[in-house]
Amino acid sequence: MSAIGRCFRVSGRVQGVSYRAYCRSQARSLGIRGWARNMEDGSVWVAAWGDSSSVDQLADWLWRGSPASRVERVVEQARPEGPPPVDFSTG
């Protein structure tokens, strides 16, 4: 398995519904490092580093989200720059 990094912009009802906390929990359970951050436009930016299978699983999860969220769109963005962080964080 090869390590990869991918970024996603998640849109819909994804702020104020614990989306980032659930994302962090899912990412950590998959051994993924990165972050989930609220953006000014109401979307959530997710950067994920890990083995390709785990990052694919997180990408699928992004569409499900937290119980209170309503995901309308997940768009893969440019590959994250720099080294991966030590853990998965929100903020």
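How many bridges join E1 to E4?

## The model and its conventions

This is a predicted model, in which local features need pLDDT of at least 70, side-chain atom pairs count only at pLDDT 80 or more, and totals for chains, interfaces and linings use all residues. Residues are numbered from 1 along each chain as its sequence is written, and side-chain values use heavy atoms, with hydrogens and water left out.

## The sheet

Five strands form an open sheet with mixed pairing, in the order E4-E1-E3-E2-E5. Strands (E, at least two residues) and helices (H or I, at least four) are DSSP runs, numbered from the N terminus; two strands pair if DSSP finds at least two bridges between them. Strand E4 (70-77) and strand E5 (88-90) stand at the edges with a single partner strand each, so one side of each has no neighbour in the sheet. On average, neighbouring strands of this sheet are turned by 20° against each other, direction ignored.

E1 and E4 run antiparallel and are joined by seven bridges. Phe-8 has Glu-76 in E4 as its bridge partner.

## The helices

H1 packs on the sheet and touches E1, E2 (33-38), E3 (44-51), E4 and E5 (contact: heavy atoms within 4.5 Å). The direction of H1 makes about 175° with that of E5. Axes are lines fitted to C-alpha atoms, for helices over the stretch in contact, and angles run from 0 to 180 degrees between N-to-C directions. Helix H2 (residues 52-64) lies across E1, E3 and E4, at about 155° to E3.

## A loop residue

Ser-18 lies in the loop between strand E1 (3-13) and helix H1 (19-29). Although Ser-18 is not a glycine, its phi is positive, at about 65°. Most residues other than glycine have a negative phi.
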